[in-house]
Amino acid sequence: NFWKGKSAVLPGPVLIIDAAGALPQKKLRHAEAEVDEILQLFPSGVKLGGSEATIFEIIEATQASGILHFAGHGEADLDDPLRSSLILSEEERLSVDDILAADFSNLSLASLSACQTAFHGKSLPDEFSNVAVAFLAAGASAALGTLWNVSDVSASLFSRRLFHEVLGGAPVPTAARSAQLWLRDSTDSQ
């Protein structure tokens with residue numbers, strides 16, 4: 001009910017965080033293709049990756065963005081949900097605590113193509129405290145996250161389909177559901 005009156009107005013300027021290589025030993029090959037395709041869909045989009053993708057730079061860049069898309073690794077901290085995070089590098093993470101301290105009211109959508117971004121911890125069983133909800137609490141109109149670990153290829157295909165649906169005029173919930181059904185019903189050859 002907290003966000004019931006909010007609606008996402010899309011598209012808008014897109015900020016894409018390319019963190020596919022943030023953990024060199026766990027590089028996400030399909031996330032790179034995801035980032036490239038979304039940039040083609042939004043030619044005026046801004047991409048931050050590598051050493052440019054710092055907490056400060058991301059928060060700063062969202063002030064001129066309507067959509068944030070993160071492609072990389074996420075990590076839920078079951079014991080301390082405020083430490084659940086998006087992994088920017090081996091040394092840096094954008095945590096729930098960092099997100100809650102920022103203003104993301106410019107965002108119509110925070111799309112989080114990463115594992116465990118909507119998974120809440122066990123210390124607050126009656127509350128939703130995770131990365132996706134943190135973006136909502138910090139002002140974003142909509143946020144998409146994952147409740148479990150997802151394969152690189154599935155996350156990439158879902159995100160690409162989601163943005164095709166959004167650009168076709170579908171509201172975020174409809175676009176997300178359509179992308180889910182498309183992915184579920186697709187065969188390997190498709």
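Author: In helix H1 (residues 29-41), the buried residues are Ala31, Glu34, Val35 and Ile38; buried means under 20% relative accessible area, exposed over 50% and partly exposed in between, with a 1.4 Å probe and protein chains only. These residues lie on the same side of H1, because they cover an arc of only 100 degrees around the axis, the arc being that of the directions from the helix axis to the C-beta atoms. An α-helix has 3.6 residues a turn, so residues three or four places apart point the same way. Arg29 and Gln40, on the other side of H1, are exposed.

The model is predicted: local features need pLDDT of at least 70, side-chain atom pairs count only at pLDDT 80 or more, and totals for chains, interfaces and linings use all residues. Residues are numbered from 1 along each chain as its sequence is written, and side-chain values use heavy atoms, with hydrogens and water left out. Helices (H or I, at least four residues) and strands (E, at least two) are DSSP runs numbered from the N terminus.

The cover over the buried residues of H1 includes strands S1 (14-18), S2 (46-49), S3 (67-71) and S7 (109-113), and also helix H5 (152-167); contact means heavy atoms within 4.5 Å.

From the side of H5, its buried residues pack against H1, S3, S7, strand S8 (143-144) and helix H6 (172-185). Among the buried residues of H5 are Ala155, Phe158, Leu162, Phe163 and Val166. After H5 comes Gly169, with a positive phi near 100 degrees.
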